[in-house]
Amino acid sequence: MRILHQIHTQLITRPSTTAFALSKLIAFCAISPFGNPHYAQTLLTQNPSPTIYQYNTLLKTTPLRQSFQLFNNLVTKKESVKANIYTYKFLLEKCVKEGLHVHEGLQMHAHVIRCGFYVSLTLHALLVRFYVGCEEMGYARKVFDEMYDKGLVVWSYVIGGYVKVGLFDEGLGVFGEILKAGVVPDEVVMASVVKGVAGLGALDVGIWVHGYIVKRRILVDVKLGTALVNMYAKCGCIEKAKEVFDGMVVKDSRAWSSMIVGFAIHGLADEALSIFADMEQAKVKPNHVAYLGVLLACAHGQLVCEGKRMWAKMLESGIQPTMEHYSCMVDLYCRANLFPEASTFIKNMPVDPDPVIWRTFLVACKKNKDMEKGEAAGQKLLELEPSNPENYALFSSFYAACSEWSKMGHMKKEMRDKGLKTIPGCSSIEIDGTVHEFVLGDWSHPETKEIKEVLSDILIRVKALGHKPNVSEILHDVGDEVKEEALCEHSERLAIAYGILKTKSPVVIRVVKNLRVCGDCHEVTKIISRLYEREIIVRDRVRFHRFVGGRCSCNDIW
Ligand SMILES: [Zn+2]
Ligand SMILES: [Zn+2]
């Protein structure tokens, strides 16, 4: 640096050679490990006639905040030097890498347009990537639509972006546009598409997409393979998930854990444990998702000893449990009706339990009619999530189970006063590639008349078999007859009835529900599967239920 200072002094005394040499000097100070970025900035700001090359060199190397300041100086100062295309390229690349607030990105976007650089495809692509990174899909889409030549990478950003923020329909819509544009997608694009299908739970679309991958000979790498396993598992086709998994040549820890979680959500605890053992045998170190999968499987399968063994093993392997792992353990004890163990486990947790854990515990308190612990759990829930209607509904049903009617009334009043409404149940079924949605008590479907006929046929036949509706699922203060009627209008019943109406055996009736299946609908669906000789798969918020011949794969624990 001492020599540099000398060179700098020399330069000041001989202005004719300054520009080029000063640029070199700034570059050295900014980039070289022997340099001094701070000094580089001083050199630039003190230079009466800086060049854009000098600015860009600094922009490229200084930390993001500083370079943005530098950029602001550049665009606000009335200097002869103007930002060029590289200025924006370097800055945007940095924003993508390090993340910047969307507001500042918008500012830069405006400058790019004003300076006439909006024709550059590189800048377009960088802007799309930046907005996708900020999860601002509206802006990303706008820039994307304005591109006259879209490379595969940009398509990939947009589809991936939509899927990441949960706008699966939009993501698949862009995939449709790719096909229309005649572009052949690669495995990266297809992995995003498959993830989108999994999010929608649309099996027919998934099968088509998989067929397309095979037909186009798109390379199924470990990421795409894992996405396919996950998609089939989430769409209720666990056999197909296993088939894809078995066909994968290379399996990393994500691929293994996808298969484990797949078995777990299908209630196949033994299979999940056996895949976990295979994973260890294959010398792939189980990650936290693999442990989450086996714990989930143990909880659903009521395998308490195995669950505890896995928990100990996970801690031994140095994996820090997340809230989801703790939640699984509480679930394991609660489902197995080991109420004291659940209580002790929560008490000994080194972190504060989240609402999911308190809800699981409150359900167990309700089953055990434990007023003291239940009230404490309920209070915690309302403290943590005072605006979640689900908590009030659960808390009141807890009071109802404990026959504390006045407290139940009070809870309901509080919910009303706060203007909170429970989320209505919503179920969907895909028929011939179209998804039909049903909401509790909503009769806006064009085939309502036919659906009602199927529903009443079900009701008569189910009643003839001696089924008594479990009206305790309904908390309103109305007569049993009204409650029975309300149960018949649960969204999953409408979707199943529509499935019976529109399809014939052996087509599997596949229903996706946003909430947990209620006890009465679960019973009735079991009976339907036997009476109508139909296989029915219901994916609720927590897991899959596969109804065949009057039985459900969950063995009535869910
Ligand atoms: Zn129901
Ligand atoms: Zn079930």
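This report describes the helical packing, selected residues and backbone features of a predicted protein model.

Residues are numbered from 1 along each chain as its sequence is written, and chains are lettered from A and ligands numbered from 1 in the order in which they are written. As the model is a prediction, local features need pLDDT of at least 70 and side-chain atom pairs count only at pLDDT 80 or more, whereas totals for chains, interfaces and linings use all residues.

## Overall composition

The protein chain contains 29 helices and six strands; these are DSSP runs numbered from the N terminus, with helices being H or I of at least four residues and strands being E of at least two. Of its 558 residues, 40% count as buried. A residue is buried if 20 or more other C-beta atoms lie within 10 Å of its own, exposed if 12 or fewer, and partly exposed in between, with C-beta atoms placed from the backbone. Among contacts between residues at least 6 apart in sequence, 62% join residues at least 24 apart; two residues are in contact if their C-beta atoms, placed from the backbone, lie within 7 Å.

Residues 252-286 are 74% helix and 0% strand, with the end C-alpha atoms 10 Å apart.

## Helix pairs

Two packed helices are described by the angle between their axes and the distance between the axes. Axes are lines fitted to C-alpha atoms, for helices over the stretch in contact, and angles run from 0 to 180 degrees between N-to-C directions.

| Helix pair | Axis separation | Crossing angle |
|---|---|---|
| Helix 15 (residues 238-247) and helix 16 (residues 253-265) | 10 Å apart | about 165° |
| Helix 21 (residues 339-347) and helix 22 (residues 355-368) | within 11 Å | roughly 150° |
| Helix 23 (residues 371-384) and helix 24 (residues 389-401) | within 10 Å | roughly 165° |

Angles under 35 degrees count as roughly parallel, over 145 as roughly antiparallel, 65 to 115 as roughly perpendicular and the rest as oblique. With axes 10 Å apart at about 165°, helix 15 and helix 16 are therefore roughly antiparallel to each other. Their crossing is left-handed, a term applied if the near helix is turned anticlockwise from the far one by less than a right angle (right-handed if clockwise). I238, A241 and F245 of helix 15 meet A255, M259, G262 and F263 of helix 16. By class, this contact has six nonpolar, one polar and no charged residues; Ala, Val, Leu, Ile, Met, Phe, Trp, Tyr, Cys and Pro count as nonpolar, Asp, Glu, Lys and Arg as charged, and the others, Gly among them, as polar.

The axes of helix 21 and helix 22 cross at roughly 150°, which makes helix 21 roughly antiparallel to helix 22. The crossing of helix 21 and helix 22 is left-handed. F339, A342 and I346 of helix 21 form the contact with I357, F361, A364 and N368 of helix 22, giving six nonpolar, one polar and no charged residues.

For helix 23 and helix 24 the axes cross at roughly 165°, which makes helix 23 roughly antiparallel to helix 24. The crossing of helix 23 and helix 24 is left-handed. G374, G378, L381 and L382 of helix 23 are in contact with N391, F395 and F398 of helix 24, and the classes are four nonpolar, three polar and no charged residues.

## Individual residues

A377 lies in helix 23 and counts as buried because 26 C-beta neighbours lie inside 10 Å. A377 touches W358, F361, L362 and C365, not counting residues up to four places away in sequence. The C-alpha atoms of A377 and F361, 16 residues apart along the chain, are separated by 7.2 Å.

G433 occupies the loop between strand 1 (426-431) and strand 2 (434-439). With 9 other C-beta atoms within 10 Å, G433 is exposed.

## Backbone features

The peptide bond from S505 to P506 is cis, with omega near 5°, and P506 lies in the loop between helix 28 (491-502) and strand 3 (509-513). K283, although not a glycine, has a positive phi of about 60°. K283 is placed in the loop between helix 17 (269-281) and helix 18 (288-301) and is exposed, with 6 other C-beta atoms within 10 Å. E533, also a residue other than glycine, has a positive phi near 50°. The loop between helix 29 (519-531) and strand 4 (536-539) holds E533, which counts as exposed with 11 C-beta neighbours inside 10 Å.
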